[in-house]
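Here are my notes for you, written as a colleague would jot them down. Keep the structure open while you read, and check each point as you go.

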Amino acid sequence: MCTTCGCHTGKARINGKSISHHQHSDKPMYYQLVDSSRSHPHAAMPAAQLPNTFYFGTNTTDTHDPAMDQTKMIKIERDILVKNNQYAAKNRHYFMKHGIFVLNMVSSPGSGKTSLLIKTIQMLCDKLPIAVIEGDQQTDHDAARIRATGVPAIQINTGKGCHLNAHMVNHAIQQLPLEDDSLLFIENVGNLVCPSAFDLGEAHKVVVLSVTEGEDKPLKYPDMFHAADLMLLNKCDLLPHLTFDTDLAIEYAQRIHPEIPVIQLSATQGNGISAWLDWIKTGHHSAVLKKQSLLHNNITLD
Amino acid sequence: MHEISLAENILQLIEDASLEQSFTQVKTVWLEIGQLACVEQESLRFYFNVVTQDSIAQQARLEIIEIAGQAICNQCNREIFVASYYEACPHCGNSALQVIQGNGMRIKEMEVE
Ligand SMILES: Nc1nc2c(ncn2[C@@H]2O[C@H](COP(=O)(O)OP(=O)(O)O)[C@@H](O)[C@H]2O)c(=O)[nH]1
Ligand SMILES: [Mg+2]
Ligand SMILES: [Zn+2]
Ligand SMILES: [Zn+2]
Ligand SMILES: [Zn+2]
């Protein structure tokens with residue numbers, strides 16, 4: 001575990017090297033939060049969090065010295081994930097300042113996240129700069145697959161950890177060449193449970209469900225479908241061979257998350273990809289505009 | 001599944017507090033866990049015992065206060081209790097609900113010496 005932040009990095013490794021604990025201070029990444037209009041209320045964390053202390057259990061008529069009674073109650077009142085959320089806020093501010101549009105891709109293992117990223121990169125890389133952070137428990141296969149497309153990729157191996165956290169991402173973005181006004185994909189560890197709880201500083205979580213998985217995944221893993229802002233229904237090229245009920249899957253997803261947009265596509269065949277690319281371009285455009293308006297209004301984030 | 005990292009985060013917050021407050025032993029820790037927070041309580045207790053071994057919290061008892069899930073119905077505006085994200089409003093059947101309570105997890109207070 002990194003002692004400076006306490007986030008669970010465990011045996012996490014970045015591009016095969018274990019996380020060193022001093023890198024966060026190398027780059028000026030400690031911003032004051034100035035934008036209170038953001039829709040992620042948990043990111044702001046007041047620095048002064050000294051717990052109040054009060055004593056209990058001593059009868060007021062008792063004459064014994066309360067200092068002798070060593071038992072006391074301490075109020076903490078902090079979110080258990082406060083450290084993760086502080087890192088997420090830092091990451092988000094860095095991204096905002098540089099106009100970087102960041103998507104946190106989540107799914108079960110094998111839904112097609114890496115395949116989809118490769119297809120997406122092939123379609124977009126001559127239009128905008130792209131970088132990728134790959135999260136897997138072991139191996140750097142996925143980062144290697146991404147690098148083969150020509151864009152930079154960092155592999156985070158979480159070891160036994162079943163999700164990426166904002167601290168790992170904070171380290172990774174310091175090693176990536178990240179251009180202003182670029183697109184950053186974070187492929188999370190294949191897992192529909194805990195990645196929903198860990199904010200990485202992304203603009204959106206995008207959940208990928210493939211048609212080989214069963215329509216009721218949204219009901220079985222509601223937290224993830226609740227946390228995501230877009231659902232991609234992948235491997236639609238296989239539908240003729242399956243009994244998958246597309247409408248039912250979408251209905252279940254929207255029962256958990258009313259009005260969540262759904263794009264049906266095939267990462268390998270390319271059907272439906274253009275709707276996904278349009279969705280990305282819209283988000284990327286607003287990230288760039290947001291950066292420009294910050295610059296224009298001379299709002300400093302540091 | 002992520003209960004082990006939650007347990008580690010809790011221990012870190014306890015250790016931070018011990019630096020500010022100078023205590024040497026934690027007797028009880030009260031947590032507030034929302035019903036919608038997707039936390040397996042038994043698993044959290046198990047990992048809390050594992051990660052607190054040889055720490056100032058190794059004797060600590062974990063008290064978990066469950067916070068009920070509460071939401072506002074986007075259609076009829078009533079406040080309702082929900083145990084999961086996919087419940088419909090019992091008054092009007094609408095399933096567009098805005099969760100207002102019960103999706104968080106906090107460390108509330110501790111008894112220390
Ligand atoms: N038929 C079909 N197979 C796909 C599609 N997308 C991914 N796959 C296959 O699904 C498997 C897992 O894909 P991968 O991208 O590694 O999934 P990840 O674990 O989510 O990153 C691979 O064998 C892919 O070739 C698709 O759209 N259609
Ligand atoms: Mg992959
Ligand atoms: Zn660190
Ligand atoms: Zn996890
Ligand atoms: Zn209602």
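1. A word on sorting residues, before anything else: Ala, Val, Leu, Ile, Met, Phe, Trp, Tyr, Cys and Pro count as nonpolar, Asp, Glu, Lys and Arg as charged, and the others, Gly among them, as polar. With that in hand, the shell around ligand 1 splits into three nonpolar, nine polar and five charged residues. Bear in mind that you're looking at a predicted model.

2. Which residues come nearest to ligand 1? Out of the 17 around it, they are G110(A), K113(A), T114(A), S115(A) and D237(A). If you're wondering which element gives the most to this shell, look at helix α2 (residues 113-124) of chain A, with three residues.

3. Now zoom in on the oxygen atoms of ligand 1. A backbone N or O atom of A267(A) sits 2.8 Å from one such oxygen atom, and a backbone N or O atom of G112(A) is 3.0 Å from an oxygen atom of the ligand. On its own, ligand 1 has 580 Å² of accessible area, and the protein covers 72% of that.

4. Next, the metal. What coordinates the zinc ion (ligand 4)? You'll find C162(A) through SG, H163(A) through ND1 and C194(A) through SG, at 1.9 to 2.2 Å. Written along the sequence, the spacing of these donor residues is C-H-x30-C. H163(A) and C194(A) are 31 residues apart and link distant parts of the chain. H163(A) belongs to the loop between β7 (153-157) and α4 (166-175), while C194(A) belongs to the loop between β8 (183-187) and β9 (204-210), in chain A.

5. Are H163(A) and C194(A) buried or exposed? Both are buried. C125(A) has a relative accessible area of 37%, so it counts as partly exposed. While we're on cysteines: the structure holds zero disulfides over all chains.

6. Last stop: K127(A), in the loop between α2 and β6 (130-136) of chain A. Why does K127(A) count as exposed? Because its relative accessibility is 53%, and exposed means over 50%. A polar atom of the K127(A) side chain lies 3.2 Å from the backbone oxygen of M123(A). Also look at K281(A): it is 154 residues from K127(A) along the chain, yet their C-alpha atoms are separated by 9.9 Å.

How values were computed
Residues numbered from 1 in each chain as written. Chains lettered and ligands numbered in written order. Predicted model: local features only at pLDDT ≥ 70, side-chain atom pairs only at ≥ 80, totals over all residues. Heavy atoms only, no water. Near = heavy atom within 4 Å. Polar contact = N/O pair within 3.5 Å; in protein donor to acceptor, adjacent residues only side chain to side chain. Areas by Shrake-Rupley, 256 points an atom, 1.4 Å probe, with all protein chains shown as cover. Helix = DSSP H or I, 4+ residues; strand = E, 2+ residues; numbered from the N terminus. Donors = N, O, S within 2.8 Å, 3.2 Å for Na, K, Ca; no water. Buried < 20%, exposed > 50% of the residue type's maximum accessible area, 1.4 Å probe, protein only. Disulfide = S-S within 2.5 Å.
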